[in-house]
Amino acid sequence: MIDVLQGEVPIDDESHIITVRKSVREVATRLGFGLTDVTRIITAASELARNIYTYAGTGVMRWRVLDTGAFVGIELTFEDRGPGIANLGQVMQEGYSTSGGLGMGLPGSKRLMDEFEIQSTAGLGTTVTVKKWKKK
Amino acid sequence: MADERLTVIKVRDVLMVTMPPDPDDPTVSALQDMVLKSIEKFNPKGLILDISAVDTLDSFFARTIVETAKMVELMGGVTVIAGMRPSVAITATQLGFTFGRVHTVLDVDRGLSLLTEERRR
C-alpha cells in the first residue's frame, strides 16, 4: 500500500473550510493521532483556513506527513497572497481582532499545535505553518 | 442545504436543537436565525443546544453560540449547552474560548432539569 504523503486544498469559498477540516481529519486519523489531538489539529486548521477566507479571500492549505524515525508528524501550511499583516506582534496577542471576531485564531492555533510559524509581508501575503508531532 | 440539517423541536416548554457533527458556516448561521424565530413563535422557558454529536467547535461556531444565547436572554429565555465532548472541551479551553454566562450541562436530561428549576426560583 502506498500512502499519500502530501496534498493541498484550495480555499476560495466558505465551504472549503469544511473541505480543509475533512482532509486534515483524514490525514491526522491515518497517522494515528488520538481523538483529542485530532480535534486540536482540525480546530487549528479551521481557524487558519477561516483567516484566509476572511482576510485574503483565496489561498491554499498544503499538508505534509513528517517522519523523523522516532516521531511522525503532520505539517499544515496556509498560504495566501492577501493584504498581509503589518502588525504581527499585535495580531499574536490574545483578543486582538480587526474583523469583529474574538481575536483568538492565531494565538489559539499556536497553543493547539506543537510548532507555529508565521511569515507575513504587508501587501504580499501571509504564510502560516503549524506542526503536530506524535511518538511512533 | 444548511437548514435541512437543523431541526428545532419543542419538548414541553423547552426548545431543543441538535447540532450535526461537523456543521458548516451556513448551518451555524442558520442556527441563530431558527432559534430566534422559534423563541418568538413558541415563547418557551428556554433553549437546549445539544452539541453531543459535535466534534469540531471552532471560534466562529463558539462565538455564534454565545451571541445566540445573549439574544435569547434579551428575549427572556435561558440557553443551556448540553453534551460537550471531552476532546471539544479541551480544545475550546486551549483555544482560549469562554462561554461566559451560558449554562453548560453534561447531557440533555440535565438541561431539562436545569431549565425547569430555573423557572421555579
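# Notebook: a first look at chains A and B

I began with a simple tally, and the secondary structure of chain A comes to four helices and five strands. A reminder to myself before going on: this is a predicted model.

Next I read the elements of chain A in order. From the N terminus, they go β-α-α-β-β-α-α-β-β. I then looked up how compact the chain is. The radius of gyration of chain A is 15 Å, close to the 14 Å that the globule rule gives for 136 residues, so chain A is as compact as a globular protein of that length. I also noted its extent: the C-alpha trace of chain A spans about 45 × 25 × 25 Å along its principal axes.

How much of chain A is buried? I found that buried residues make up 36% of its 136 residues. I looked at its contacts too. Among those in chain A with a separation of 6 or more, 63% are between residues 24 or more positions apart.

Then I turned to chain B and its sheet. Here five strands form an open sheet, in the order 1-2-3-4-5, and the pairing is mixed. Which strands sit at the edges? They are strand 1 (8-11) and strand 5 (103-105) of chain B, each of which pairs on one side only. From one strand to the next, the twist averages 25 degrees.

Strand 2 (residues 14-18) and strand 3 (residues 46-50) of chain B run parallel and are joined by five bridges. To see a partner residue by name, I followed Thr18(B), whose bridge partner in strand 3 of chain B is Asp50(B).

The helices of chain B came next. Helix 1 (residues 25-42) of chain B lies across strand 1, strand 2 and strand 3 of that chain. Its direction is about 160 degrees to strand 2 of chain B. Helix 2 (residues 59-74) of chain B lies across strand 3 and strand 4 (78-82), running at about 150 degrees to strand 4 of chain B.

My last entry is about where the two chains meet. How many residues does each chain give to the contact? Chain A gives 23 residues and chain B gives 17 residues. On the side of chain A that touches chain B, the elements giving two or more residues are helix 1 (16-30), helix 2 (35-56) and helix 4 (105-112) of chain A. The largest share of that side, nine residues, comes from helix 2 of chain A. By type, the residues of this side of chain A divide into eight nonpolar, eight polar and seven charged.

Conventions
Residues are numbered from 1 along each chain as its sequence is written. Chains are lettered from A and ligands numbered from 1 in the order in which they are written. This is a predicted model: local features need pLDDT of at least 70, side-chain atom pairs count only at pLDDT 80 or more; totals for chains, interfaces and linings use all residues. Two strands pair if DSSP finds at least two bridges between them. Axes are lines fitted to C-alpha atoms, for helices over the stretch in contact, and angles run from 0 to 180 degrees between N-to-C directions. Two residues are in contact if their C-beta atoms, placed from the backbone, lie within 7 Å. Ala, Val, Leu, Ile, Met, Phe, Trp, Tyr, Cys and Pro count as nonpolar, Asp, Glu, Lys and Arg as charged, and the others, Gly among them, as polar. The radius of gyration is taken over C-alpha atoms; the globule rule is 2.2 Å times the number of residues to the power 0.38. A residue is buried if 20 or more other C-beta atoms lie within 10 Å of its own, exposed if 12 or fewer, and partly exposed in between; C-beta atoms are placed from the backbone.
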